[in-house]
2 protein chains.
Amino acid sequence: MSDRLFAAVLFIVLCGSFASARHSGRSPAQTTRAATSVRPLKAPANGTINVAFIISQDTEAIDLAGPWEVFQDVMFTPEGGPWRGEGEMVMPFNLYTVSDSLEPLAANGLILISSYTFDTAPKPQVIVIPAQGGRSAAQKAWLLANAKTADVTMSVCTGASMLAAYGLLDNQKATTHHMSLKKLQAQYPAVRFVSGARYVENDKISTAGGLTSGIDLALHVVERYYGRETAQNTADFLKYRGELWKVPQFAELREVAANK
Amino acid sequence: MSDRLFAAVLFIVLCGSFASARHSGRSPAQTTRAATSVRPLKAPANGTINVAFIISQDTEAIDLAGPWEVFQDVMFTPEGGPWRGEGEMVMPFNLYTVSDSLEPLAANGLILISSYTFDTAPKPQVIVIPAQGGRSAAQKAWLLANAKTADVTMSVCTGASMLAAYGLLDNQKATTHHMSLKKLQAQYPAVRFVSGARYVENDKISTAGGLTSGIDLALHVVERYYGRETAQNTADFLKYRGELWKVPQFAELREVAANK
């Protein structure tokens, strides 16, 4: 299986077979191949893409702020061209946090307040799940309902354990922080955890490895909506020098042996 | 000037002349050369290094969370060896936020509450200044007093403008986000802004460039306290693939021409 995946990724990289050319009202043309084999995404007709970040106690700072900063820093001119630091600017992603309540949350020393509860949050096109400690019935119900209709639901680090706990990774490929792979594989045998990739994508559910790898997956989600050039412009604005968002596999993909 | 700086950095890189070997109670030996010419730092006798993050409205998410995650993820065994994910673990950095009040702050969509006010914050050994919008007399007084006694005061992105506004960068080398270099140079002519480096260090004041470069500067501050191996272990835990924290110069250093 890992050989086939590796060959498939190589094929995509070498052939550039996912070229596409999509225009939308204010978005630039998407003319470059996608980094992996998942489908490109189409921005909503109104031009705004809602991105909901689920938070709770012990939310990991960089898992939240990495993707947050990526989506926040996608900026166009009103005509859909790259914004160069001068003049009017359009930000297509609308970011907000969602949690059980609006009470302050202790997040490893940071104190966060959610923008919305699960009862009040706008419907998201993208859902981001940082590593965190909180689980609740409202969280589960909201995530199960909204992951169905969202374009992509992505976890960062051990945020994958929330997806796994709610069955959203059953029979799907996934990854998580390298120190948690074996443990989560043992806990959730229906999930196909792999090592060797910065992030792993299925059609609607994606999982990033540890911590900073959430930046790469978020950049790739930007690419799926707006193409390689826009994602590269965003990485440049962020001064992000990593290249693994383009080809996330850094070693042979290996299925993880459970270790209780 | 830029040629001399470039030659100096090259000299340091090529000669590895800053090898040192320092032991402290629970820290590993520091046996590798520092990335730049600034002096190594010594952890306090009680083993805990206070890191204060100044926050206010419009604090930039990754400027805060990047260094936060770096310092948080420095982990030793009780004997001072590298922690490998099992057993007891010691975290030498004690992180907290400090602001004018404990009221909720709107930070580009995130809502933060500070842990301390400027009246109540513990004395820091490290001060981190993310890009942010708030300026106040209490902030200025606290920063001027504490930067004197701290080991290092570091800004991320346009956080450098706070240091510059309070005179802390006068006659010092500095950098900031590439889109703000010329503007800040015009606004603060006493500062020697340069381009070409991921971060720029003086003896006690350091400035990182845009956004994710704060991760690199924080990793280097870890290196100054605990050596290259500990900083590399932290980068590995973070899954951070960047290498510029080791040699931050990526182009010829150039003094910035002011542009009003």
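Let's start where the two chains meet. Helix α2 (residues 61-72) of chain A and helix α2 (residues 61-72) of chain B have axes that come within 9 Å and cross at roughly 150°. Because of this, α2(A) is roughly antiparallel to α2(B) (a term for angles over 145 degrees). The axes are lines fitted to C-alpha atoms over the stretch in contact, with angles from 0 to 180 degrees between N-to-C directions.

On α2(A), the contact is made by A61(A), I62(A), L64(A), A65(A), G66(A), W68(A) and E69(A), and on α2(B) by A61(B), I62(B), L64(B), A65(B), G66(B), W68(B) and E69(B). Contact here means C-beta atoms, placed from the backbone, within 7 Å.

## About the model

This is a predicted model, where local features need pLDDT of at least 70 and side-chain atom pairs count only at pLDDT 80 or more, while totals for chains, interfaces and linings use all residues. Residues are numbered from 1 along each chain as its sequence is written, and chains are lettered from A in the order in which they are written.

## The wider interface

In total, 32 residues of chain B are in contact with 32 residues of chain A. On chain B's side, α2(B) gives the most, with eight residues; β2 (93-99) and β4 (110-113) of chain B are also among the elements giving two or more. Helices (H or I, at least four residues) and strands (E, at least two) are DSSP runs, numbered from the N terminus.

## Strands side by side

Strand β4 (residues 110-113) of chain A runs antiparallel to β4(B), and three bridges join them. Strands pair if DSSP finds at least two bridges between them. Within this pairing, I111(A) stands opposite I113(B).

Note on methods
Angles under 35 degrees count as roughly parallel, over 145 as roughly antiparallel, 65 to 115 as roughly perpendicular and the rest as oblique. Two residues are in contact if their C-beta atoms, placed from the backbone, lie within 7 Å.
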